[in-house]
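Subject: Structure handover

Hello,

Here is the structure you asked for, with notes on what turned up in it. Please read the notes with the model open beside them.

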Amino acid sequence: MTKQEVRAAALAKLAVQPGDTLWDVGAGTGSVSVELALAAPRGHVYAVECDPEACGLIRQNRETFHACNLTLVEGRAALADLPAPDAVFIGGTKGGMEAVVDTVLARNPNARICISAIALETLSAAVAALTAHGLAAEVTQIAVSRTRPAGRLHLLMANNPIFLITGERK
C-alpha cells in the first residue's frame, strides 16, 4: 500500500481538480485510487489492476470510503478504451512503462502524470518514457520515518524511500 505521505505528495504533483477524469494504473490496494476519488468528487477515477487479490482490496476500499466515483478495471485492460484522462498516477506497469506512457499521452497529450518507483530500474524507465515524448522529467525522492516506542524512548524507523517522477512540456 502506498503510504499516506506519498499519496499526499502524489496528489499534489497531479494537481487534482474536482471534475477530473483520473487513471490509477497498477492500482494495487486502491489507496491512491480512493484518495483521487475523494479529491475529485465530480470527476471519475479508473483503477486499473491485474492482480485478483488486489482487485478484491480495491472493491473493499471503494465501499469502506464510499468512493462511488471509482471504477475498477480488472486485468491488463486496454487503456485506450478508457475516457481520456486529465491526470494519471502510475504505480505499476509490469515492465510496460513505455507503452503505458505512450497510451496516456496519445489519449491526452497534456495529461498530468505522476509515476511512483521504488526500484532504480523503474526510475530509469519512467524518465526514459517521459523524455521520449519531449517532457522534462522531474524526480523527487521521499523518505519517511515514523516513531516506534522502545521502552521510554521513541525511535525513528525509516520506511523505504520512494521516487515520484513527473513530466512537464519543455
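A salt bridge here is a side-chain nitrogen of Lys or Arg within 4 Å of a carboxyl oxygen of Asp or Glu. By this rule the model, which is predicted, has five salt bridges. Three of them are described below.

Salt bridges

Glu5 and Arg146 form one of these, with N and O 2.6 Å apart. Glu5 belongs to helix α1 and Arg146 to strand β7 (residues 145-150), so this pair ties together parts that are 141 residues apart in sequence. Both ends are partly exposed: Glu5 has a relative accessibility of 28%, and Arg146 has 34%.

Asp20 pairs with Arg112, and their closest N and O atoms are 2.5 Å apart. Here the loop between α1 and β1 holds Asp20 while strand β5 holds Arg112, so parts 92 residues apart in sequence are tied together. Asp20 is buried at 7% relative accessibility, whereas Arg112 is partly exposed at 27%.

Glu74 and Arg59 meet at 2.4 Å, N to O. Glu74 is in strand β3 and Arg59 in helix α3, so the bridge ties together parts that are 15 residues apart in sequence. Glu74 is partly exposed, with a relative accessible area of 47%, and Arg59 is also partly exposed, at 30%.

Pockets

The largest pocket holds about 550 Å³ of space. Its lining comprises 32 residues, and those nearest the centre are Thr2, Gly91, Ser116, Ile118 and Ile162. Elements α2 (31-39), β4 (87-90), β5 and α5 (120-131) each contribute at least two residues to that lining. By residue type, the lining of the largest pocket has 15 nonpolar, 14 polar and three charged residues.

The second largest pocket has a volume of about 360 Å³. It is lined by 19 residues, with Val25, Arg76, Gly92, Thr93 and Lys94 nearest its centre. Two or more lining residues come from each of β2 (44-49) and α4 (97-107), and α4 gives the largest share, three residues. The lining of the second largest pocket splits into eight nonpolar, eight polar and three charged residues.

Single residues

Ser116, one of the residues nearest the centre of the largest pocket, sits in strand β5 (residues 112-117). Is Ser116 buried or exposed? At 11% relative accessibility, Ser116 is buried, because the cut-off for buried is under 20%. Leaving aside residues up to four places away in sequence, Ser116 touches Phe89, Ile90, Gly91, Thr122, Ile162, Phe163 and Leu164. Gly91 and Ile162, both on that contact list, are also among the residues nearest the centre of the largest pocket.

Leu135 is in strand β6 (residues 135-142) and is buried, with a relative accessible area of 4%. Leu135 and Gly167 are 32 residues apart in sequence, with their C-alpha atoms 5.2 Å apart in space.

Two backbone angles may be worth a look. Ala15 has a phi near 50°, a positive value in a residue other than glycine. Ala15 lies in the loop between α1 (4-14) and β1 (21-25) and is partly exposed, at 34% relative accessibility. His66, also not a glycine, has a positive phi near 55°. His66 lies in the loop between α3 (52-64) and β3 (70-74) and is exposed, at 67% relative accessibility.

Regards

Notes
Residues numbered from 1 in each chain as written. Predicted model: local features only at pLDDT ≥ 70, side-chain atom pairs only at ≥ 80, totals over all residues. Heavy atoms only, no water. Helix = DSSP H or I, 4+ residues; strand = E, 2+ residues; numbered from the N terminus. Buried < 20%, exposed > 50% of the residue type's maximum accessible area, 1.4 Å probe, protein only. Contact = heavy atoms within 4.5 Å. 1 Å grid on protein atoms, 1.4 Å probe; cavity = no way out; pocket = protein on both sides within 12 Å on 5 of 7 lines; lining within 4 Å. Points joined across faces, edges and corners; volume = space filled by probe spheres on them. Nonpolar A, V, L, I, M, F, W, Y, C, P; charged D, E, K, R; others polar.
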